[in-house]
Amino acid sequence: MPKKTFYITTPIYYPSGKPHIGTVYTNIVTDSIARWHKLLGEDVFFSTGTDEHAQKVEKEAKEKGLDTKAYVDTIIPHFKDAFKKYNISYDKFVRTTDEDHKKYCQKLVKKLYDQGDIYKGKYEGWYCNGCETYYTEKDLVDGKCPLHGTKATWFEEEAYFFKMSKYEKKVIDYIKKNNYITPKYRQEFILSRMKDGVRDLCISRTNSEWGISLPWDHKHKIWVWFDALPNYTSNTASSPWKKFWPANVHVIAHDIIWHHSVIWLSMLLAAGIELPKKLLVHGFIMGEGGLKMSKSLGNVIDPLELLKKYPVDSVRYFLLREIPLGSDGAFSYHALRERHNSELVNGLGNLHARTLSMVEKYYSGKIVKSPKNELPKKFNYAKFEESMSNFELHNALSEIMHFVNECNKYINDNVPWELAKNNKKRLDIVMYNLADSLRLISILIEPFMPETSENIQKSLGMKKKEDYKKAKFGLLGNNKLEKVGYLFTRIDEGETMQKKETKVETKPVIPFTDFEKLDLRVAKIIKVENHPNADKLYVLQLSLGSEKKQIVAGLRSHYKPEQLLNKKIIIINNLQPTVLRGVESNGMLLAASKDQKVVFLTPESDIPEGAKIS
Ligand code: MSP
């Protein structure tokens with residue numbers, strides 16, 4: 001019987017710079033799910049890649065004085081390198097500049113055109129280069145993109161439109177009937193946005209040479225999203241990959257749900273192609289303090305820099321265990337170090353080291369089989385499998401770690417070094433249960449920590465990778481152990497702090513005239529509300545005497561609203577306004593932070609709101 005197929009995708013990324021931790025996060029999540037299905041014995045196809053016909057890519061190449069394709073060619077190796085270093089087991093890396101992809105798109109749009117689903121009109125509206133998306137006046141916040149906070153550009157030109165409105169009802173039905181979007185609240189959000197109506201979609205541009213031409217009107221280039229979304233089906237357009245469509249899961253973050261639900265499903269319905277089964281939406285990785293990562297805030301995490309200090313599996317484990325899939329999560333070095341030291345070094349690493357050293361000592365490194373299952377039955381298979389099928393990877397990992405703790409407790413309770421002196425029969429049972437549990441753990445962690453899984457299996461003398469069917473008691477043979485050393489070693493707080501401090505010292509000094517540019521003021525918090533789209537942020541209304549203003553602050557995990565209300569704080573009053581997750585912020589409050597603690601600054605004694613700080 002042919003194996004069950006499983007097709008999983010990541011978004012294809014704009015190659016407008018090197019990959020960052022967010023890109024890598026999506027790929028780690030996707031990789032873990034793909035590996036899990038391989039472990040189940042399914043025939044898995046995992047695709048990722050780059051979305052190259054974006055205007056911002058063309059702009060960057062121009063700024064560098066390079067031909068756009070030549071520029072993109074220099075960026076792709078960075079993506080491939082990062083994915084390799086993070087052990088992302090993709091099967092296909094698609095580039096939208098690939099000839100077969102281009103041909104596929106042209107055939108698709110031509111089909112829609114021939115059947116009357118694409119028509120010529122005039123586009124008048126706004127465009128954000130950040131997300132390469134069209135906006136109406138109503139969508140913008142103070143003339144700026146609701147997602148990027150940057151000014152949208154107006155343009156009007158002759159363009160082709162896709163009759164997306166025609167598919168509105170079918171899309172709604174499909175989403176509802178199949179629970180297409182996970183988590184559910186994201187689905188509710190899209191469905192409620194669809195209640196405002198779905199308009200036809202502008203799908204071509206004439207102001208650029210970069211892109212795929214419409215086959216019947218070459219001066220028009222296909223709008224980048226209309227060329228990017230079909231990567232998922234162009235990947236499987238020919239044998240032997242045909243069997244993988246429809247995709248089982250498209251993994252994305254919440255910034256591009258509309259594109260992957262309304263636009264993509266309408267396109268497929270129009271083309272008469274079967275629809276994908278699930279859209280899995282994860283959250284955003286924010287910088288420390290819960291703010292969006294950005295170059296200007298200096299809080300961008302470089303995924304490759306991280307690997308200079310932390311093992312790849314520690315980073316993978318941390319991201320998957322720390323952030324409940326679906327929620328936004330702030331990246332914190334402190335939390336990463338904590339999980340590494342307490343759960344990987346003291347938990348899993350310790351279990352491995354203790355078990356192996358005892359097998360070495362009491363059995364000269366040879367496993368001795370024993371029939372009594374005492375430990376592995378303590379693993380909650382049902383809960384683990386349920387978490388995996390609900391994409392709750394953090395809960396699945398928590399089940400494994402709970403079992404690791406049980407194993408460590410089993411050592412402490414059974415005191416094998418005492419058994420070695422007076423109860424050899426019992427020692428055989430305990431040691432086999434420990435060694436076989438390590439084998440079980442090595443299978444269970446493979447989707448999340450593939451390198452560690454391999455190390456454990458090697459250390460247990462296992463000759464080949466085992467799948468989930470083997471994750472049951474008693475299958476470890478009388479193997480001879482192999483030395484692999486410690487799985488993880490402790491990373492000292494001092495070590496990373498020291499590195500951080502050195503960095504601070506290298507910051508350049510600034511002239512007083514630069515400092516003078518800052519308009520620092522005392523402000524009083526007169527209203528505190530939760531940010532509607534970000535669970536780490538508050539929207540604060542401030543009074544500066546006669547002036548009132550709104551700022552967005554990442555204080556939600558540190559203060560309750562009542563601890564902030566009526567407090568006097570210090571703000572930077574003349575910071576360029578920005579939009580944080582759709583809400584305008586007109587300044588920034590000053591706070592001090594160390595590790596995970598954050599406190600806001602306040603005047604030492606009472607002083608009127610609006611007072612200037614100098
Ligand atoms: N090119 C489009 C996608 C086309 S798919 C047919 C695009 N590219 S992107 O480079 O902007 O990537 C967006 C995706 O990158 C997000 O949906 C998410 O998967 C990932 N992330 C980007 N920043 C992220 C974080 N800070 N945190 C988590 N994921 C992030 O949109």
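Me: Helix axes are taken here as lines fitted to C-alpha atoms over the stretch in contact, with angles running from 0 to 180 degrees between N-to-C directions. In this predicted model, why are H12 and H16 called oblique to each other?

Reply: The axes of helix H12 (residues 333-363) and helix H16 (residues 424-444) come within 10 Å and cross at roughly 140 degrees. Roughly antiparallel would need an angle over 145, roughly perpendicular one of 65 to 115, and roughly parallel one under 35, the rest being oblique; H12 and H16 are therefore oblique to each other. As for handedness, H12 passes H16 in a left-handed crossing.

Me: How do you know that H12 and H16 meet, and which residues are involved?

Reply: Contact requires heavy atoms within 4.5 Å, and on the H12 side the residues that meet H16 include Leu348, Leu351, His352, Leu356 and Tyr363. Among their counterparts in H16 are Lys424, Asp428, Met431, Leu434 and Ile441.

Me: Why is Asn373 called partly exposed, and where is Asn373 found?

Reply: Asn373 is found in the loop between H12 and helix H13 (381-389). Its relative accessible area is 23%, whereas buried means under 20% and exposed over 50%, so Asn373 counts as partly exposed. Leaving aside residues up to four places away in sequence, Asn373 touches Asn433 and Phe473. From Leu291, by contrast, Asn373 is 82 residues away in sequence and 49 Å away in space, C-alpha to C-alpha.

Me: What makes strand S1 mostly covered, and how many bridges join S1 to strand S2?

Reply: Eight of the nine residues in S1 (residues 5-13) are buried, that is, under 20% relative accessible area. S1 pairs with S2 (residues 43-50) in the parallel sense over seven bridges, with Gly49 in S2 as the bridge partner of Ile12. Two bridges are enough for strands to count as paired, and S1 also pairs in the parallel sense with strand S12 (residues 249-253) over two bridges, where Val249 is the bridge partner of Ile8. Together with helix H1 (residues 21-39), S1 and S2 make a right-handed β-α-β unit.

Me: In the open sheet of three strands with antiparallel pairing, what makes S9 and S10 the edge strands?

Reply: The order of that sheet is S9-S11-S10, and strand S9 (204-205) and strand S10 (213-214) each pair on one side only. S9 pairs with strand S11 (residues 217-222) in the antiparallel sense over two bridges, and Ser204 stands opposite Ile222 in S11.

How values were computed: Residues are numbered from 1 along each chain as its sequence is written. This is a predicted model: local features need pLDDT of at least 70, side-chain atom pairs count only at pLDDT 80 or more; totals for chains, interfaces and linings use all residues. Side-chain values use heavy atoms; hydrogens and water are left out. Buried means under 20% relative accessible area, exposed over 50%, partly exposed in between (1.4 Å probe, protein chains only). Helices (H or I, at least four residues) and strands (E, at least two) are DSSP runs, numbered from the N terminus. A crossover is right-handed if, with the strands pointing away from the viewer, the path from the first strand over the helix to the second runs clockwise. A crossing is left-handed if the near helix is turned anticlockwise from the far one by less than a right angle, and right-handed if clockwise.
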